Amino acid sequence: MILVTGATGNIGSALLKELHARGVGPLRGLTHDAARAVFPQGVEAVEGDFAEPTSLKSVLKGVRSLFLVSRLGSDADILEAARQAGVEHVVLVSSITVQTHPHLGPADENLAVEQLLKGTGMAWTILRPTQFASNALMWAASIRGRETVRAPYAETALPTIHPADIASVAQVALTEPGHHGRTYALTVEGVL
Ligand SMILES: NC(=O)c1ccc[n+]([C@@H]2O[C@H](COP(=O)([O-])OP(=O)(O)OC[C@H]3O[C@@H](n4cnc5c(N)ncnc54)[C@H](OP(=O)(O)O)[C@@H]3O)[C@@H](O)[C@H]2O)c1
């Protein structure tokens, strides 16, 4: 059983579609609201809140591979519950800032989760994406309304990556050999 967290989100929804299209299963997607989640046919929608320790045991039952979007709750509790449930491999979404801007707060938080995961004894694969192309959707209203984008550092170009490309890497890490104990920095050009 593969559990995809953030299953209605940018990466998770693309990942479930890609795993399903490749015939991988069984698959479970985590959401707060199973009635509203639109998953591919046959994917089990499981309701839960990873910020609530009481959710963890039932959601993780029978799971052997976990795609984890960090900071949905206490990552220490989530990873310990995963270990106790018998999860064998965790693919974690971290951030490229761990290596490019280690002095910034979010990088520290992502590094801490990476280190927690490495200490659990479960096999791990860490994905460190740069900023998501989907972040640009926050400008949709101002582009429609005023044909304007307001953002700091207008002269600064930063790489982006489409969440579906992150999902493709996660799909490979979850289903093909050779990716345990590996950390991948993901940019639009691929793996650094
Ligand atoms: N945006 C960037 O540029 C960027 C860059 C690097 C790394 N990241 C990392 O990428 C991750 C976000 O990925 P994303 O954009 O794919 O996610 P997203 O689109 O923001 O979706 C978040 C998902 O998490 C679920 N969720 C929220 N709180 C939850 C909780 N307490 N328990 C269980 N599920 C919960 C929501 O599901 P329901 O509403 O259905 O319950 C939703 O599917 C974050 O860890 C972020 O740090 C982002």
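This is a predicted model: local features need pLDDT of at least 70, side-chain atom pairs count only at pLDDT 80 or more; totals for chains, interfaces and linings use all residues.
Let's start with the ligand. How many residues surround the ligand? The count is 24. The closest are Thr 8, Thr 31, His 32, Asp 49 and Asn 135. By class, that shell splits into 10 nonpolar, 12 polar and 2 charged residues.

An oxygen atom of the ligand sits 2.6 Å from a side-chain N or O atom of Thr 31. For Asn 135, a side-chain N or O atom is 2.8 Å from a ligand oxygen. Phe 50 takes part through its backbone: one of its polar backbone atoms is 2.9 Å from a nitrogen atom of the ligand. How much of the ligand does the protein cover? On its own, the ligand has 940 Å² of accessible area, and the protein covers 73% of that. Which elements give two or more residues to the shell? They are helix H1, residues 10-21, strand S2, residues 27-31, and strand S7, residues 131-132.

Next, the helix pair. H2 spans residues 53-60, and H3 spans residues 75-85. Their axes come within 9 Å. The crossing angle is roughly 35°, and the crossing is right-handed. Who makes the contact? From H2, we have Pro 53, Leu 56 and Leu 60. From H3, we have Asp 77, Ile 78, Ala 81, Ala 82 and Ala 85. Sorted by class, this H2 to H3 contact holds 7 nonpolar residues, 1 charged residue and no polar ones.

Is the peptide bond from Gly 25 to Pro 26 cis or trans? The bond is cis, with omega near 0°. Pro 26 lies in the loop between H1 and S2. Recall that H1 and S2 each give two or more residues to the ligand shell.

The other detail is Arg 71. Its phi is positive, near 65°, and Arg 71 is not a glycine. Where is Arg 71? Look in the loop that runs between strand S4, residues 65-69, and H3. That is the H3 that crosses H2.

Thanks, over to you.

How values were computed:
Residues are numbered from 1 along each chain as its sequence is written. Side-chain values use heavy atoms; hydrogens and water are left out. Axes are lines fitted to C-alpha atoms, for helices over the stretch in contact, and angles run from 0 to 180 degrees between N-to-C directions. Helices (H or I, at least four residues) and strands (E, at least two) are DSSP runs, numbered from the N terminus. A crossing is left-handed if the near helix is turned anticlockwise from the far one by less than a right angle, and right-handed if clockwise. Contact means heavy atoms within 4.5 Å. Ala, Val, Leu, Ile, Met, Phe, Trp, Tyr, Cys and Pro count as nonpolar, Asp, Glu, Lys and Arg as charged, and the others, Gly among them, as polar. A residue is near a molecule or strand if one of its heavy atoms lies within 4 Å of it. A polar contact is a pair of N or O atoms within 3.5 Å; within protein, one must be able to donate a hydrogen and the other to accept it, and residues adjacent in sequence count only if both atoms are side-chain atoms. Accessible areas come from the Shrake-Rupley method with a 1.4 Å probe; for residues, only the protein chains shown count as cover.
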